[in-house]
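Work through the exercises below with the coordinates open. Try each task before reading its solution.

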Amino acid sequence: MTSPLPGAEPGLYLDANATEALRPEAREAVLAAFDLVGNPASVHADGRAARKLLESARAALAARLGARPENVVFCAGATEANAMAIHGLAGGGAIVIGATEHDAVRAAAPAALIAPVDAAGRLDQTAFAALLAAHRPALACVMAANNETGVLNDIAAIAALCAAQGTRLHVDAVQAAGRVADPDYLAQGASSVATSAHKLGGPKGVGALLLAPEAASAFAPLIRGGGQERGRRGGTHNLPGIAGFAAALDAAHATTCPDPRLAALRDAIEAGARDCGARIAGAGAPRLPNTTCLVLPGLAAEAQVIALDLDGIRVSAGSACSSGKAASSHVLAAMGLGDLAGNAIRVSLPWNAPDDAPARFLAAYRRLAARALRKSAHVSTSAA
């Protein structure tokens, strides 16, 4: 008899932008898919049954996200989806990306031109348009919702700027899908859109790249193999993951989206944090309902995360994909926060956040703020 896998001690999980809690609908879909023995590429009865489930999930995602089913390309996650788009659509030409893009985009396009953002974290459209006009890039990459601040970009307006210069637009919609009312970025003019299952309550390790028809016909695959995904991405399908992905997305949109309950919980957290002396990064811009970035002067982000964890509160300092790095947030630096970029934590409410989340978080956060105040007072006394 095997022993159970170890898990974390019970606590309040407020790190949904790193990964959401698995939705029960997704769990059921994953378990059902595990019972299918066939490979979707096989032509016998078991293979056809697996293929039927695959194409049903593909159609469900396409309907929710505004793509044609044949232009939904399943992959291992958002990092791969972003890399696929950059490799497959830039064609070796120049690339422009926003200053607050995820590291997955920054790493896949290391020579990209950088478009600045304003103090609220939204893309500076005037500067972006100037870059497009000056360089006529093949591809621009702009995220729909920032993973650290929740700030939303105006994708329709950005797509119009790209179209005027003949530039394709790739949208990282990883944090937006399942959290905003209408994530139909292809209809707004994007050429491609990256999504990920585990950011909306699905299983980890599966994502999709959505292609507009004109982009699909010109797409160059990053991974070649046995011809899966119409030759756009080789490799045996992660059928349980794909089934869970579709089920999670349907569940996310089965209730009001964006979720007003999460927005109210976030607002309560922000009100209490402000009383403690915190600033809210991106507060002046439209944001995801579940996300807040709290900047607390005088206490490093890592110290805040550790102290909160000891109090049973799970949050992040910046992107979860950058954990373990000492550098402060490039997102907040781009927003002009200077040294304060190293004093911010991200609180991101999951779909199943309890109603008492603000009270439980703020009880611990007030202790943090008092610690920061004592530290600041000590430094001031020493300096005098």
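Buried means under 20% relative accessible area, exposed over 50%, and partly exposed in between, with a 1.4 Å probe and protein chains only. The model is predicted: local features need pLDDT of at least 70, side-chain atom pairs count only at pLDDT 80 or more, and totals for chains, interfaces and linings use all residues. Residues are numbered from 1 along each chain as its sequence is written, and side-chain values use heavy atoms, with hydrogens and water left out.

**Exercise 1. Overall form**

Task: compare the radius of gyration of the protein with that of a compact globule.

Solution. 
- Take the radius over C-alpha atoms; the globule rule is 2.2 Å times the number of residues to the power 0.38.
- For 384 residues the rule gives a value near 21 Å, and the protein has 22 Å, so the two agree.
- Along the principal axes, the C-alpha atoms fill a box of roughly 80 × 65 × 35 Å.
- Buried residues account for 53% of the 384.
- Now take contacts (heavy atoms within 4.5 Å). Of those between residues at least 6 apart in sequence, 72% join residues at least 24 apart.

**Exercise 2. An open sheet**

Solution. 
- Two strands pair if DSSP finds at least two bridges between them.
- Here 3 strands form an open sheet, in the order β9-β10-β12, with antiparallel pairing.
- β9 (279–280) and β12 (344–348) are the edge strands; each has a single partner, so one side of each lacks a neighbour in the sheet.
- β9 pairs with β10 (residues 291–295) over 2 bridges, in the antiparallel sense.
- Arg279 has Val295 as its bridge partner in β10.

**Exercise 3. Backbone exceptions**

Task: where do Glu229, Arg230 and Pro258 lie, and what is the phi of Glu229 and of Arg230?

Solution. 
- Start from the background: most residues other than glycine have a negative phi, and most peptide bonds are trans.
- Glu229 lies in the loop between α7 (213–218) and α8. Its phi is positive, near 55 degrees.
- Arg230 is also placed in the loop between α7 and α8, and phi of Arg230 is positive, near 55 degrees.
- Glu229 has a relative accessible area of 7%, so Glu229 is buried. Arg230 has 56% relative accessibility, so Arg230 is exposed.
- Pro258 is in the loop between α8 (239–252) and α9 (260–275). The peptide bond joining Cys257 and Pro258 is cis, with omega about 5 degrees.

Methods: Helices (H or I, at least four residues) and strands (E, at least two) are DSSP runs, numbered from the N terminus.
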